[in-house]
Amino acid sequence: MKIIDLSFEIHSGAQVLPGYPVPIVHKWTSIEEHGYYANLLMFVEHTLTHVDVPAHFIKNGITVEHVPLEKCIGKGIVIDVSRKPPKSEITVEDIDKVLRELNLTVGPGWVILFYTGYDKKIGTPEFFNHPGLGWAASRYLARLKVNAVGIDAPSIDYEPYPAHKTLLSQGILIYENLTNLDLLLGNIGFKFIGLPLKIRAGSASPVRAIAIIEPGKETIRV
Ligand SMILES: [Zn+2]
């Protein structure tokens, strides 16, 4: 069994979306002074690797502590959109082409991840120029009734937020700011796990997202 870590490190000063405060990890106590070491954390729920839940965009949508945890686990597939131009739209064809080539049907129980490669641009202005899902692709994914959709970029889409509105209204979770998706290219059906913290009335939560590859089991190498 191989575990691939799909999460960024949380640290003071990490790059977040414009409008959000810069995260702070502040030393609260130290072994030298207090006898024990602890940090104070201050950041919005949408900092670095995190999951968005319906309440983020949907009035009266479920909040993070009520999300069915089965949705946070699923069979994974990575769709390579790394050759698309900056800020371009991820289309139905981008997804469909891959599923057709693999002769693969995805639906409930699956997690679809988009590899942009923009995780490597963190700390630069280009970090925000990633491709994003448009309306048609968002509706297409919603119809598939997958558990979740994820991307290795700070957001799954741009204003007016077609993916956030379409997917979250159907109870499909959105993982953002994933990393290391390139290490999963060519693996189908690995186990994705990204459990949120149980934040009361939360709109999202940082997660430790991982992929488990079990050779010879469900994983198909292509
Ligand atoms: Zn978010």
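Biologist: What share of the 222 residues of the protein chain counts as buried?
Modeller: Buried means under 20% relative accessible area, exposed over 50%, and partly exposed in between, using a 1.4 Å probe and protein chains only. On that scale, the buried share of the 222 residues is 50%.

Biologist: What pLDDT do side-chain atom pairs need in this predicted model?
Modeller: Residues are numbered from 1 along each chain as its sequence is written, and side-chain values use heavy atoms, leaving out hydrogens and water. The model is predicted: totals for chains, interfaces and linings use all residues, local features need pLDDT of at least 70, and side-chain atom pairs count only at pLDDT 80 or more.

Biologist: How many helices and strands are in the protein chain?
Modeller: Look for DSSP runs, numbered from the N terminus: helices are H or I with at least four residues, strands are E with at least two. The protein chain has four helices and 14 strands.

Biologist: Why is the protein chain said to be as compact as a globular protein of its length, and what is its radius of gyration?
Modeller: The radius is taken over C-alpha atoms, and the globule rule is 2.2 Å times the number of residues to the power 0.38. For 222 residues that rule gives 17 Å. The chain comes close to it, so it is as compact as a globular protein of that length, with a radius of gyration of 17 Å.

Biologist: Of the contacts between residues at least 6 apart in sequence, what share joins residues at least 24 apart?
Modeller: Contact means heavy atoms within 4.5 Å. Among contacts at least 6 apart, those joining residues at least 24 apart make up 74%.

Biologist: Is Ala136 buried, exposed or partly exposed?
Modeller: Ala136 is found in helix 3. Its relative accessible area is 39%, so Ala136 is partly exposed.

Biologist: How many residues of helix 4 (162–169) are buried?
Modeller: Pro162, His164 and Leu167 are among the buried ones. The buried residues pack against strand 4 (50–52), strand 8 (132–133), helix 3, strand 9 and strand 10 (173–176). Helix 4 is largely enclosed by the rest of the structure, because its buried residues number six of the eight.

Biologist: Which two residues does a cis peptide bond join?
Modeller: Look in the loop between strand 9 and helix 4, where Pro160 is found. Omega is about 5° for the bond joining Glu159 and Pro160.

Biologist: What is the phi of Asn60?
Modeller: Asn60 is found in the loop between strand 4 and strand 5. It counts as exposed, at 78% relative accessibility. Asn60 is not a glycine, yet its phi is positive, about 65°.
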